[in-house]
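Dear colleague,

Please find the structure below, handed over for your own work. My findings follow it.

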There are 2 protein chains.
Amino acid sequence: MAKREPKQERSQRTRAVLVQAAAEVFAEAGFAGASVNKIANRAGLTLGALYFHFENKEAVAREIVRMQPSFATPVDGAEGLQRAVDITLIWAYGLLRNPVLVAGARLVAEQGDFMGPEENSHRQWAAILADALRSAQSRREVRSGVDVEAVARLVVNASTGAQLHAFAESGPGRSDLPFRIEEMWRCLLPALAVPSAIKRLEFGEGRARPDADAPMHA
Amino acid sequence: MAKREPKQERSQRTRAVLVQAAAEVFAEAGFAGASVNKIANRAGLTLGALYFHFENKEAVAREIVRMQPSFATPVDGAEGLQRAVDITLIWAYGLLRNPVLVAGARLVAEQGDFMGPEENSHRQWAAILADALRSAQSRREVRSGVDVEAVARLVVNASTGAQLHAFAESGPGRSDLPFRIEEMWRCLLPALAVPSAIKRLEFGEGRARPDADAPMHA
């Protein structure tokens with residue numbers, strides 16, 4: 001007899017199926033165009049199952065926005081400036097194929113409908129990048145006078161704009177996004193980093209995790 | 001007897017009323033939520049009058065996106081780097097009150113629905129900023145090795161992201177947008193401009209035209 005799947009694992013798996021289905025629906029239809037019915041149908045689950053895991057559509061959308069950074073965590077121990085760069089590259093390459101990141105990118109323009117300002121996506125990403133840049137500053141890769149919080153906000157704003165414009169230029173594939181992210185850093189780095197640190201930086205798809213389709217809970 | 005308004009002037013005035021009404025409707029409802037009926041109603045005009053001026057909703061939306069730069073033209077003869085800065089400040093302060101700019105900001109996320117890539121808003125703004133930065137380079141305010149096209153794209157991307165995030169933070173008022181635009185330049189300028197040129201730059205609402213509600217056709 002096959003071993004029964006433990007209840008908790010089954011529940012986690014159902015939740016993951018719901019999030020994936022919701023991401024596809026939000027990516028296609030936006031927040032306003034999505035409904036709990038569409039999401040449950042896409043997941044092949046009942047409305048009851050959806051409501052067991054999420055209070056409403058807003059709660060699913062919040063979860064998707066909150067999950068974004070878990071898909072953009074460098075795994076190879078990159079530190080400081082390379083870590084900041086890697087976070088943006090993993091996100092940019094991930095956006096080419098990961099429905100949760102695509103949904104998050106679309107929902108960012110509509111987040112006022114389901115998130116308070118205190119938890120919005122911009123603040124979430126800016127805090128993560130400011131951490132990496134602060135560490136880069138303590139490693140003397142970033143110059144001491146630089147306002148890392150302001151740079152983090154600029155990088156998040158420019159990345160948000162870049163994904164919108166990549167969408168306008170090349171459609172849902174957003175194929176030129178990674179190039180625009182590298183271009184952003186090339187323009188910005190001379191203002192903040194020391195030349196030797198800039199020289200050491202690596203760009204390109206090699207910096208993005210090959211398994212960027214799976215979230216990192218580490 | 002009062003002089004009759006010439007036909008051409010009347011027609012231009014009707015067109016302006018339609019654009020203003022359409023801007024309000026797009027700003028409130030987005031591209032998908034707007035309709036020619038809503039726009040004609042808001043303008044207090046018939047559908048026939050709307051169709052005399054515009055082929056369809058897409059054509060009105062394209063006109064609004066195309067008009068954006070006419071609201072962000074420095075008038076006091078600012079040149080070079082100050083001109084590039086002024087364009088972004090006039091736009092940022094204008095967005096606090098001008099329905100056509102608010103509509104354009106909202107439509108930028110949906111422009112794939114009514115504009116081809118070759119005329120999208122990103123390219124339009126990037127070309128205008130690249131011109132100003134190229135002139136700044138020829139005036140030796142911007143260093144010769146700097147890729148002004150790339151910087152222009154970065155500034156447009158960051159401004160787009162800043163307005164989205166200002167909306168998420170402070171709602172339709174977007175009251176912190178001008179601050180974010182100045183912050184962007186403060187972070188970026190050391191990478192591209194010579195120190196004396198940075199020192200001469202002016203920021204603040206004084207750089208935005210007081211009459212930024214009216215387009216410039218000059």
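Chain A is divided into domain 1 (7-64) and domain 2 (67-207), with bounds that come from an automatic or database domain assignment. This is a predicted model, in which local features need pLDDT of at least 70 and side-chain atom pairs count only at pLDDT 80 or more, whereas totals for chains, interfaces and linings use all residues. Residues are numbered from 1 along each chain as its sequence is written, chains are lettered from A in the order in which they are written, and side-chain values use heavy atoms, without hydrogens and water.

The centres of the two domains of chain A, taken over C-alpha atoms, are 27 Å apart. Contact (heavy atoms within 4.5 Å) joins 16 residues of domain 1 to 14 residues of domain 2 in chain A. Together these domains bury about 1,300 Å², 68% of it on carbon and sulfur atoms; buried area is the accessible area (1.4 Å probe) lost by two parts on being put together, summed over both. On the domain 1 side, A:F31, A:R62 and A:I64 lose the most area, together 41% of what that side buries. Zero salt bridges are found across this interface (a side-chain nitrogen of Lys or Arg within 4 Å of a carboxyl oxygen of Asp or Glu).

As for the two chains, a rotation of 180° with 0.0 Å of shift along its axis superposes chain A on chain B, with an RMSD of 0.0 Å, by least squares on the C-alpha atoms of residues with pLDDT of at least 70 in both. The two copies are therefore related as by a two-fold rotation axis. The same surface serves both, since 100% of the contact residues of chain A recur in chain B.

Yours sincerely
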